[in-house]
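Keep the picture at hand as you read.

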Amino acid sequence: MKDSNFLKEHNGRLMWHPMTSPKDSIDQPPKIITEADGVSIVDVDGHRVVDGVGGLWNVNLGYSCEPVKKAISAQLDTLPYYSTFRGTSNDAVIELSYELSEFFAPDGLSRAFFTSGGSDSVETSLRLARQYHKLRGEPGRTKFLSLKKGYHGTHFGGASVNGNANFRSAYEPLMPGCFHIPAPYTYRNPFNETDPEKLAQLCLQALEDEIAFQDAGTIAAMIMEPILGAGGVIPPHPSFAPAVQEICNRNGILLITDEVITAYGRTGAWSGARLWGIQPDMMATAKAITNGYFPFGAVMLGQRMIDTFEGNPNAKIGHGYTYSGHPVGAAAALACLAETKRLNVVENAAARGTQLFEGCQALQKKHGIIGDVRGGYGLMTAIEMVSDRTTKKPIDAGTAAVVQEVAYQSGAMVRVSGPNLILSPALILSEAEANTILQALDAGFTQAA
Ligand code: PLP
(Lines give C-alpha, C1' and ligand atoms only; values in the text may rest on other atoms or scores of the structure.)
Protein backbone atom coordinates (compact mmCIF):
# COMPACT_ATOMS: atom_id res chain seq x y z
CA MET A 1 0.00 0.00 0.00
CA LYS A 2 1.15 3.57 -0.65
CA ASP A 3 2.16 5.53 2.45
CA SER A 4 -0.26 7.82 4.28
CA ASN A 5 1.27 11.00 2.79
CA PHE A 6 0.56 9.75 -0.71
CA LEU A 7 -3.00 8.79 0.25
CA LYS A 8 -3.70 12.15 1.91
CA GLU A 9 -2.20 14.12 -0.95
CA HIS A 10 -4.38 12.43 -3.55
CA ASN A 11 -7.47 11.90 -1.38
CA GLY A 12 -10.54 13.40 -2.99
CA ARG A 13 -8.54 14.78 -5.91
CA LEU A 14 -8.55 12.05 -8.53
CA MET A 15 -11.77 10.28 -7.72
CA TRP A 16 -15.32 11.56 -7.85
CA HIS A 17 -17.18 10.24 -4.84
CA PRO A 18 -20.84 9.16 -4.98
CA MET A 19 -23.34 11.55 -3.41
CA THR A 20 -20.64 14.25 -2.98
CA SER A 21 -19.59 17.24 -5.02
CA PRO A 22 -16.03 16.90 -6.35
CA LYS A 23 -15.22 20.25 -4.72
CA ASP A 24 -16.41 19.01 -1.30
CA SER A 25 -14.09 16.03 -1.57
CA ILE A 26 -11.16 18.41 -1.92
CA ASP A 27 -12.28 20.97 0.70
CA GLN A 28 -13.33 18.34 3.26
CA PRO A 29 -11.29 15.26 2.36
CA PRO A 30 -13.03 11.97 3.10
CA LYS A 31 -11.77 9.79 5.94
CA ILE A 32 -9.41 7.18 4.59
CA ILE A 33 -10.32 3.80 6.06
CA THR A 34 -7.50 1.31 5.80
CA GLU A 35 -8.46 -1.56 8.11
CA ALA A 36 -11.51 -3.15 9.70
CA ASP A 37 -12.22 -6.01 12.06
CA GLY A 38 -15.18 -7.09 14.15
CA VAL A 39 -17.52 -4.11 13.97
CA SER A 40 -14.73 -1.52 14.03
CA ILE A 41 -12.89 0.43 11.37
CA VAL A 42 -9.44 2.03 11.50
CA ASP A 43 -8.37 5.09 9.53
CA VAL A 44 -5.06 5.92 7.92
CA ASP A 45 -3.92 7.68 11.13
CA GLY A 46 -4.61 4.57 13.19
CA HIS A 47 -7.79 6.01 14.78
CA ARG A 48 -10.17 3.13 15.61
CA VAL A 49 -13.94 3.60 15.94
CA VAL A 50 -17.05 1.45 16.19
CA ASP A 51 -18.74 1.52 12.80
CA GLY A 52 -22.25 2.80 13.53
CA VAL A 53 -23.04 2.72 9.81
CA GLY A 54 -22.29 -0.95 9.15
CA GLY A 55 -20.38 -0.08 5.95
CA LEU A 56 -23.44 1.28 4.18
CA TRP A 57 -26.27 -0.70 5.82
CA ASN A 58 -24.69 -3.84 4.44
CA VAL A 59 -21.97 -5.25 6.75
CA ASN A 60 -24.45 -7.13 8.95
CA LEU A 61 -21.94 -9.77 10.04
CA GLY A 62 -19.02 -7.44 10.68
CA TYR A 63 -15.63 -7.34 9.05
CA SER A 64 -14.09 -10.58 10.34
CA CYS A 65 -16.42 -13.21 9.01
CA GLU A 66 -14.00 -16.08 8.43
CA PRO A 67 -16.45 -18.50 6.72
CA VAL A 68 -17.20 -15.86 4.08
CA LYS A 69 -13.54 -15.11 3.44
CA LYS A 70 -12.80 -18.83 3.12
CA ALA A 71 -15.74 -19.41 0.78
CA ILE A 72 -14.62 -16.57 -1.50
CA SER A 73 -11.06 -17.80 -1.55
CA ALA A 74 -12.10 -21.41 -2.30
CA GLN A 75 -14.41 -20.26 -5.09
CA LEU A 76 -11.66 -18.12 -6.62
CA ASP A 77 -9.49 -21.24 -6.73
CA THR A 78 -12.07 -23.44 -8.43
CA LEU A 79 -14.15 -21.13 -10.66
CA PRO A 80 -13.56 -17.37 -10.51
CA TYR A 81 -16.22 -16.59 -13.12
CA TYR A 82 -18.68 -18.04 -15.51
CA SER A 83 -21.81 -16.45 -16.91
CA THR A 84 -25.39 -17.56 -16.33
CA PHE A 85 -26.63 -16.20 -19.65
CA ARG A 86 -28.50 -18.67 -21.87
CA GLY A 87 -26.70 -22.01 -22.08
CA THR A 88 -24.44 -21.92 -19.00
CA SER A 89 -24.68 -21.95 -15.24
CA ASN A 90 -22.43 -22.65 -12.26
CA ASP A 91 -22.67 -24.86 -9.21
CA ALA A 92 -22.44 -22.09 -6.60
CA VAL A 93 -25.37 -20.13 -7.99
CA ILE A 94 -27.54 -23.24 -8.26
CA GLU A 95 -26.93 -24.00 -4.59
CA LEU A 96 -27.63 -20.37 -3.71
CA SER A 97 -30.94 -20.39 -5.62
CA TYR A 98 -31.93 -23.44 -3.59
CA GLU A 99 -31.00 -21.83 -0.26
CA LEU A 100 -32.70 -18.51 -1.07
CA SER A 101 -35.90 -20.19 -2.19
CA GLU A 102 -36.02 -21.95 1.20
CA PHE A 103 -35.12 -18.78 3.10
CA PHE A 104 -37.79 -16.67 1.41
CA ALA A 105 -40.49 -19.39 1.24
CA PRO A 106 -42.43 -17.76 4.13
CA ASP A 107 -42.59 -14.58 2.01
CA GLY A 108 -44.09 -16.60 -0.85
CA LEU A 109 -40.95 -16.09 -2.98
CA SER A 110 -39.29 -19.12 -4.52
CA ARG A 111 -37.33 -18.02 -7.59
CA ALA A 112 -34.27 -15.78 -7.82
CA PHE A 113 -32.89 -13.46 -10.50
CA PHE A 114 -29.33 -12.38 -9.68
CA THR A 115 -27.85 -8.92 -10.02
CA SER A 116 -24.72 -6.95 -9.07
CA GLY A 117 -26.30 -4.77 -6.38
CA GLY A 118 -29.31 -2.86 -5.12
CA SER A 119 -29.90 -0.50 -8.05
CA ASP A 120 -29.72 -3.47 -10.40
CA SER A 121 -32.23 -5.36 -8.28
CA VAL A 122 -34.66 -2.44 -8.37
CA GLU A 123 -34.23 -2.01 -12.13
CA THR A 124 -34.76 -5.73 -12.66
CA SER A 125 -37.99 -5.74 -10.68
CA LEU A 126 -39.38 -2.72 -12.55
CA ARG A 127 -38.55 -4.27 -15.92
CA LEU A 128 -39.99 -7.66 -15.01
CA ALA A 129 -43.15 -5.94 -13.76
CA ARG A 130 -43.76 -4.40 -17.17
CA GLN A 131 -43.00 -7.69 -18.91
CA TYR A 132 -45.41 -9.53 -16.59
CA HIS A 133 -48.31 -7.37 -17.71
CA LYS A 134 -47.36 -7.61 -21.39
CA LEU A 135 -47.26 -11.39 -21.11
CA ARG A 136 -50.70 -11.35 -19.53
CA GLY A 137 -52.15 -9.24 -22.32
CA GLU A 138 -52.29 -5.93 -20.44
CA PRO A 139 -49.53 -3.94 -22.21
CA GLY A 140 -51.11 -0.67 -21.05
CA ARG A 141 -50.00 -1.30 -17.48
CA THR A 142 -46.72 0.61 -17.57
CA LYS A 143 -46.82 3.13 -14.71
CA PHE A 144 -45.21 2.87 -11.29
CA LEU A 145 -46.23 4.10 -7.86
CA SER A 146 -43.88 4.67 -4.94
CA LEU A 147 -43.56 6.63 -1.71
CA LYS A 148 -42.18 10.14 -1.33
CA LYS A 149 -38.91 9.97 0.63
CA GLY A 150 -38.32 6.43 -0.69
CA TYR A 151 -34.90 5.52 -2.04
CA HIS A 152 -34.56 2.99 -4.82
CA GLY A 153 -31.04 3.40 -6.12
CA THR A 154 -29.70 5.48 -8.94
CA HIS A 155 -30.44 3.78 -12.26
CA PHE A 156 -32.90 5.70 -14.40
CA GLY A 157 -35.87 3.52 -13.42
CA GLY A 158 -34.92 3.52 -9.74
CA ALA A 159 -34.27 7.26 -9.76
CA SER A 160 -37.68 7.79 -11.37
CA VAL A 161 -39.45 6.05 -8.48
CA ASN A 162 -37.19 7.73 -5.89
CA GLY A 163 -39.03 10.12 -3.65
CA ASN A 164 -36.27 12.62 -2.92
CA ALA A 165 -35.40 15.52 -5.23
CA ASN A 166 -31.68 15.21 -4.36
CA PHE A 167 -31.42 12.08 -6.44
CA ARG A 168 -33.73 13.20 -9.20
CA SER A 169 -33.60 16.82 -10.27
CA ALA A 170 -30.09 16.93 -11.77
CA TYR A 171 -30.93 13.93 -13.95
CA GLU A 172 -34.36 14.86 -15.26
CA PRO A 173 -36.19 14.10 -17.43
CA LEU A 174 -36.57 10.72 -15.76
CA MET A 175 -38.88 7.89 -16.75
CA PRO A 176 -42.40 9.18 -17.40
CA GLY A 177 -45.35 7.53 -15.66
CA CYS A 178 -44.00 7.43 -12.09
CA PHE A 179 -46.19 8.85 -9.33
CA HIS A 180 -45.40 9.42 -5.68
CA ILE A 181 -47.63 8.97 -2.65
CA PRO A 182 -47.05 10.77 0.69
CA ALA A 183 -44.94 8.69 3.06
CA PRO A 184 -46.24 7.74 6.51
CA TYR A 185 -43.74 10.15 8.08
CA THR A 186 -45.25 11.26 11.35
CA TYR A 187 -42.81 14.11 12.12
CA ARG A 188 -43.57 15.98 8.90
CA ASN A 189 -46.45 15.28 6.53
CA PRO A 190 -48.85 17.27 4.36
CA PHE A 191 -51.80 16.33 6.60
CA ASN A 192 -50.24 17.64 9.85
CA GLU A 193 -51.19 14.31 11.39
CA THR A 194 -49.08 13.07 14.30
CA ASP A 195 -50.96 9.86 15.06
CA PRO A 196 -49.20 7.05 13.11
CA GLU A 197 -52.33 4.97 12.56
CA LYS A 198 -54.41 7.91 11.33
CA LEU A 199 -51.53 9.04 9.14
CA ALA A 200 -51.30 5.56 7.62
CA GLN A 201 -55.00 5.81 6.74
CA LEU A 202 -54.50 9.20 5.08
CA CYS A 203 -51.56 7.92 3.02
CA LEU A 204 -53.58 4.86 2.00
CA GLN A 205 -56.42 7.12 0.90
CA ALA A 206 -53.91 9.11 -1.17
CA LEU A 207 -52.80 5.84 -2.76
CA GLU A 208 -56.39 4.89 -3.59
CA ASP A 209 -57.00 8.37 -5.01
CA GLU A 210 -53.91 8.24 -7.20
CA ILE A 211 -54.83 4.81 -8.54
CA ALA A 212 -58.34 6.04 -9.39
CA PHE A 213 -56.91 9.21 -10.97
CA GLN A 214 -54.38 7.34 -13.10
CA ASP A 215 -56.77 4.44 -13.86
CA ALA A 216 -55.70 1.16 -12.29
CA GLY A 217 -55.41 -0.44 -15.73
CA THR A 218 -52.40 1.76 -16.54
CA ILE A 219 -50.34 0.86 -13.45
CA ALA A 220 -47.76 -1.93 -13.48
CA ALA A 221 -46.47 -1.94 -9.90
CA MET A 222 -46.06 -0.19 -6.60
CA ILE A 223 -42.55 -0.28 -5.16
CA MET A 224 -41.84 0.54 -1.53
CA GLU A 225 -39.38 -0.05 1.26
CA PRO A 226 -41.05 -1.84 4.20
CA ILE A 227 -39.28 0.70 6.42
CA LEU A 228 -37.94 3.70 4.53
CA GLY A 229 -34.20 3.68 5.12
CA ALA A 230 -32.10 6.30 3.37
CA GLY A 231 -35.02 8.75 3.52
CA GLY A 232 -34.50 8.86 7.29
CA VAL A 233 -35.70 5.55 8.80
CA ILE A 234 -39.46 5.90 8.57
CA PRO A 235 -41.30 2.88 9.95
CA PRO A 236 -44.99 2.97 9.00
CA HIS A 237 -47.76 1.97 11.37
CA PRO A 238 -48.15 -1.86 11.23
CA SER A 239 -51.50 -1.44 9.48
CA PHE A 240 -49.89 0.29 6.49
CA ALA A 241 -48.07 -2.41 4.47
CA PRO A 242 -50.87 -5.03 4.65
CA ALA A 243 -53.33 -2.40 3.44
CA VAL A 244 -51.01 -1.43 0.56
CA GLN A 245 -50.87 -5.09 -0.42
CA GLU A 246 -54.66 -5.35 -0.33
CA ILE A 247 -55.07 -2.22 -2.47
CA CYS A 248 -52.50 -3.48 -5.01
CA ASN A 249 -54.10 -6.93 -5.20
CA ARG A 250 -57.56 -5.46 -5.62
CA ASN A 251 -56.35 -3.31 -8.53
CA GLY A 252 -54.18 -5.88 -10.35
CA ILE A 253 -51.03 -3.93 -9.43
CA LEU A 254 -47.87 -5.85 -8.56
CA LEU A 255 -46.28 -5.11 -5.20
CA ILE A 256 -42.47 -4.88 -5.12
CA THR A 257 -40.82 -4.56 -1.73
CA ASP A 258 -37.45 -2.89 -2.00
CA GLU A 259 -35.60 -4.80 0.70
CA VAL A 260 -32.08 -3.84 -0.25
CA ILE A 261 -31.73 -2.75 3.39
CA THR A 262 -34.43 -4.70 5.20
CA ALA A 263 -33.87 -8.26 3.99
CA TYR A 264 -31.66 -10.70 5.92
CA GLY A 265 -32.48 -9.58 9.45
CA ARG A 266 -31.89 -5.86 9.82
CA THR A 267 -35.40 -5.05 11.07
CA GLY A 268 -35.32 -7.77 13.73
CA ALA A 269 -37.33 -9.97 11.33
CA TRP A 270 -35.86 -12.01 8.48
CA SER A 271 -37.41 -9.68 5.91
CA GLY A 272 -39.47 -6.51 5.90
CA ALA A 273 -42.28 -8.49 4.27
CA ARG A 274 -42.30 -10.92 7.20
CA LEU A 275 -42.13 -8.04 9.66
CA TRP A 276 -45.44 -6.72 8.33
CA GLY A 277 -46.98 -10.05 7.34
CA ILE A 278 -47.22 -9.39 3.61
CA GLN A 279 -46.30 -11.42 0.52
CA PRO A 280 -44.95 -9.21 -2.26
CA ASP A 281 -44.80 -10.27 -5.90
CA MET A 282 -41.13 -9.34 -6.05
CA MET A 283 -38.53 -8.47 -3.45
CA ALA A 284 -35.37 -6.55 -4.41
CA THR A 285 -32.42 -7.56 -2.22
CA ALA A 286 -28.67 -6.83 -2.21
CA LYS A 287 -26.33 -5.35 0.46
CA ALA A 288 -26.32 -7.92 3.32
CA ILE A 289 -26.76 -10.80 0.88
CA THR A 290 -22.95 -10.71 0.74
CA ASN A 291 -22.29 -8.36 3.68
CA GLY A 292 -20.04 -6.12 1.65
CA TYR A 293 -17.63 -8.92 0.79
CA PHE A 294 -18.72 -8.94 -2.87
CA PRO A 295 -21.07 -6.76 -4.97
CA PHE A 296 -24.16 -8.89 -5.45
CA GLY A 297 -27.95 -8.86 -5.38
CA ALA A 298 -31.02 -11.00 -5.93
CA VAL A 299 -34.60 -10.29 -6.91
CA MET A 300 -36.89 -12.87 -5.36
CA LEU A 301 -40.05 -13.73 -7.31
CA GLY A 302 -43.49 -14.81 -6.15
CA GLN A 303 -46.15 -17.13 -7.49
CA ARG A 304 -47.86 -14.68 -9.84
CA MET A 305 -44.54 -14.00 -11.57
CA ILE A 306 -43.70 -17.70 -11.68
CA ASP A 307 -47.06 -18.68 -13.15
CA THR A 308 -46.83 -15.99 -15.82
CA PHE A 309 -43.23 -16.52 -16.92
CA GLU A 310 -42.58 -20.25 -16.54
CA GLY A 311 -43.71 -22.45 -19.38
CA ASN A 312 -44.55 -19.48 -21.61
CA PRO A 313 -42.38 -19.62 -24.75
CA ASN A 314 -42.77 -15.85 -25.23
CA ALA A 315 -41.44 -15.06 -21.75
CA LYS A 316 -37.84 -14.57 -22.82
CA ILE A 317 -36.14 -12.35 -20.23
CA GLY A 318 -34.26 -9.78 -22.30
CA HIS A 319 -32.49 -8.51 -19.23
CA GLY A 320 -29.49 -9.47 -17.13
CA TYR A 321 -25.94 -8.55 -16.19
CA THR A 322 -22.52 -9.97 -16.96
CA TYR A 323 -22.23 -10.59 -13.25
CA SER A 324 -25.73 -12.07 -12.74
CA GLY A 325 -25.08 -15.20 -10.71
CA HIS A 326 -21.33 -14.57 -10.39
CA PRO A 327 -19.95 -17.72 -8.74
CA VAL A 328 -17.74 -15.83 -6.28
CA GLY A 329 -20.67 -13.64 -5.26
CA ALA A 330 -22.85 -16.73 -4.98
CA ALA A 331 -20.25 -18.47 -2.78
CA ALA A 332 -20.04 -15.36 -0.59
CA ALA A 333 -23.84 -15.19 -0.36
CA LEU A 334 -24.09 -18.88 0.58
CA ALA A 335 -21.61 -18.40 3.41
CA CYS A 336 -23.31 -15.18 4.57
CA LEU A 337 -26.71 -16.82 4.61
CA ALA A 338 -25.37 -19.76 6.60
CA GLU A 339 -23.75 -17.42 9.15
CA THR A 340 -26.81 -15.19 9.28
CA LYS A 341 -28.92 -18.21 10.20
CA ARG A 342 -26.35 -19.83 12.52
CA LEU A 343 -25.95 -16.62 14.52
CA ASN A 344 -29.70 -16.00 14.46
CA VAL A 345 -28.87 -12.33 13.90
CA VAL A 346 -32.49 -11.22 14.12
CA GLU A 347 -32.44 -11.68 17.88
CA ASN A 348 -29.43 -9.50 18.44
CA ALA A 349 -30.68 -6.95 15.88
CA ALA A 350 -33.91 -6.63 17.86
CA ALA A 351 -32.19 -6.40 21.27
CA ARG A 352 -29.45 -3.95 20.24
CA GLY A 353 -31.97 -2.06 18.12
CA THR A 354 -34.11 -1.45 21.19
CA GLN A 355 -31.03 -0.40 23.15
CA LEU A 356 -29.97 2.13 20.50
CA PHE A 357 -33.50 3.43 19.95
CA GLU A 358 -34.13 3.94 23.67
CA GLY A 359 -30.64 5.40 24.08
CA CYS A 360 -31.39 7.94 21.33
CA GLN A 361 -34.72 8.79 22.95
CA ALA A 362 -32.82 9.47 26.20
CA LEU A 363 -30.44 11.74 24.25
CA GLN A 364 -33.47 13.58 22.85
CA LYS A 365 -34.50 14.53 26.39
CA LYS A 366 -31.05 15.98 26.96
CA HIS A 367 -30.29 17.74 23.65
CA GLY A 368 -32.62 20.32 22.08
CA ILE A 369 -30.97 19.74 18.71
CA ILE A 370 -32.80 16.40 18.42
CA GLY A 371 -36.21 16.94 16.86
CA ASP A 372 -37.27 13.35 16.28
CA VAL A 373 -36.00 9.83 16.93
CA ARG A 374 -37.22 7.04 14.68
CA GLY A 375 -36.66 3.31 14.78
CA GLY A 376 -37.77 0.59 17.11
CA TYR A 377 -37.54 -2.16 14.51
CA GLY A 378 -34.11 -3.75 14.68
CA LEU A 379 -30.92 -1.89 13.89
CA MET A 380 -32.36 0.96 11.85
CA THR A 381 -32.43 4.18 13.84
CA ALA A 382 -32.47 7.83 12.80
CA ILE A 383 -32.15 11.04 14.72
CA GLU A 384 -33.60 14.05 12.90
CA MET A 385 -31.71 17.18 13.92
CA VAL A 386 -33.31 20.62 14.03
CA SER A 387 -32.06 24.09 14.84
CA ASP A 388 -35.39 24.89 16.55
CA ARG A 389 -37.71 22.28 18.01
CA THR A 390 -40.79 24.49 17.87
CA THR A 391 -40.51 25.44 14.20
CA LYS A 392 -38.79 22.14 13.29
CA LYS A 393 -36.33 24.14 11.20
CA PRO A 394 -33.81 21.59 9.88
CA ILE A 395 -30.28 21.79 11.21
CA ASP A 396 -27.65 23.44 9.01
CA ALA A 397 -25.06 21.23 7.35
CA GLY A 398 -22.18 22.78 9.32
CA THR A 399 -23.66 21.90 12.73
CA ALA A 400 -24.55 18.40 11.57
CA ALA A 401 -20.94 17.97 10.44
CA VAL A 402 -19.73 19.01 13.91
CA VAL A 403 -21.90 16.32 15.54
CA GLN A 404 -20.53 13.74 13.14
CA GLU A 405 -16.89 14.73 13.57
CA VAL A 406 -17.02 14.91 17.37
CA ALA A 407 -18.75 11.53 17.46
CA TYR A 408 -15.97 10.16 15.27
CA GLN A 409 -13.26 11.56 17.51
CA SER A 410 -15.19 10.11 20.47
CA GLY A 411 -15.24 6.57 19.09
CA ALA A 412 -18.06 6.06 16.57
CA MET A 413 -18.57 6.50 12.86
CA VAL A 414 -22.11 7.75 12.26
CA ARG A 415 -23.70 8.87 9.03
CA VAL A 416 -25.29 12.22 8.33
CA SER A 417 -27.76 12.45 5.48
CA GLY A 418 -29.43 15.86 5.24
CA PRO A 419 -30.83 16.61 8.70
CA ASN A 420 -30.77 12.94 9.68
CA LEU A 421 -28.14 11.10 11.60
CA ILE A 422 -28.52 7.47 10.66
CA LEU A 423 -27.42 4.44 12.65
CA SER A 424 -27.25 1.07 10.90
CA PRO A 425 -24.47 -0.91 12.59
CA ALA A 426 -23.64 -4.59 12.11
CA LEU A 427 -26.24 -6.96 13.50
CA ILE A 428 -23.57 -8.61 15.65
CA LEU A 429 -23.05 -5.38 17.61
CA SER A 430 -22.48 -5.95 21.35
CA GLU A 431 -24.14 -4.05 24.18
CA ALA A 432 -20.85 -2.31 24.98
CA GLU A 433 -20.37 -1.27 21.34
CA ALA A 434 -23.90 0.13 21.23
CA ASN A 435 -23.06 2.16 24.34
CA THR A 436 -19.91 3.46 22.67
CA ILE A 437 -22.04 4.77 19.80
CA LEU A 438 -24.47 6.45 22.22
CA GLN A 439 -21.68 8.05 24.26
CA ALA A 440 -19.99 9.32 21.10
CA LEU A 441 -23.28 10.85 19.94
CA ASP A 442 -23.77 12.46 23.33
CA ALA A 443 -20.36 14.10 22.96
CA GLY A 444 -21.26 15.26 19.45
CA PHE A 445 -24.57 16.82 20.47
CA THR A 446 -22.99 18.47 23.52
CA GLN A 447 -20.33 20.10 21.35
CA ALA A 448 -22.84 21.25 18.70
CA ALA A 449 -25.23 22.84 21.22
N1 PLP B 1 -32.81 0.37 -2.64
C2 PLP B 1 -32.66 0.72 -1.35
C3 PLP B 1 -33.81 0.63 -0.41
C4 PLP B 1 -31.42 1.16 -0.90
O5 PLP B 1 -31.27 1.56 0.37
C6 PLP B 1 -30.34 1.22 -1.82
C7 PLP B 1 -29.02 1.69 -1.37
O8 PLP B 1 -28.84 2.19 -0.29
C9 PLP B 1 -30.56 0.84 -3.14
C10 PLP B 1 -31.81 0.42 -3.52
C11 PLP B 1 -29.46 0.90 -4.14
O12 PLP B 1 -28.51 -0.07 -3.87
P13 PLP B 1 -27.03 0.05 -4.48
O14 PLP B 1 -26.42 1.26 -3.86
O15 PLP B 1 -26.38 -1.25 -4.05
O16 PLP B 1 -27.16 0.14 -5.95
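Thr-115 stands opposite Gly-297, a residue of strand E10. Keep in mind that you are looking at a predicted model.

- In general, the strands of a sheet pair through backbone hydrogen bonds, in either a parallel or an antiparallel way.
- Here, 7 strands make up an open sheet with mixed pairing, and their order is E4-E10-E9-E8-E7-E5-E6.
- Strand E4 (109-115) and strand E6 (178-181) each have a single partner strand, so at these edges one side of each strand is left without a neighbour in the sheet.
- On average, neighbouring strands of this sheet are turned by 20° against each other, ignoring direction.

**Helices across the strands**
- Helix H5 (residues 91-103) lies across E4 and E10, and runs at about 140° to E4.
- Helix H9 (residues 240-250) lies across strand E7 (219-224) and strand E8 (254-258), running at about 145° to E8.

**The nonpolar core**
- Which residues touch the most other members of the largest nonpolar core? They are Leu-254, Met-282, Met-300 and Ala-332, out of 124 residues in this core.
- Helix H12 (residues 327-342) gives the largest share of this core, with 9 residues.
- Why does this core lie between domain 1 (31-61 + 344-448) and domain 2 (67-342)? It does so because both domains give residues to it.
- Beyond its neighbours within four places in sequence, Met-300 is in contact with several residues, including Leu-100, Phe-104, Leu-109 and Met-282.

Methods
Residues numbered from 1 in each chain as written. Predicted model: local features only at pLDDT ≥ 70, side-chain atom pairs only at ≥ 80, totals over all residues. Core = buried A, V, L, I, M, F, W, Y, C linked by C-beta atoms within 7 Å. Buried ≥ 20, exposed ≤ 12 C-beta atoms within 10 Å, placed from the backbone. Helix = DSSP H or I, 4+ residues; strand = E, 2+ residues; numbered from the N terminus. Domains from an automatic or database assignment. Contact = placed C-beta atoms within 7 Å. Pairing = 2+ DSSP bridges. Axes fitted to C-alpha atoms, helices over the stretch in contact; angles between N-to-C directions.
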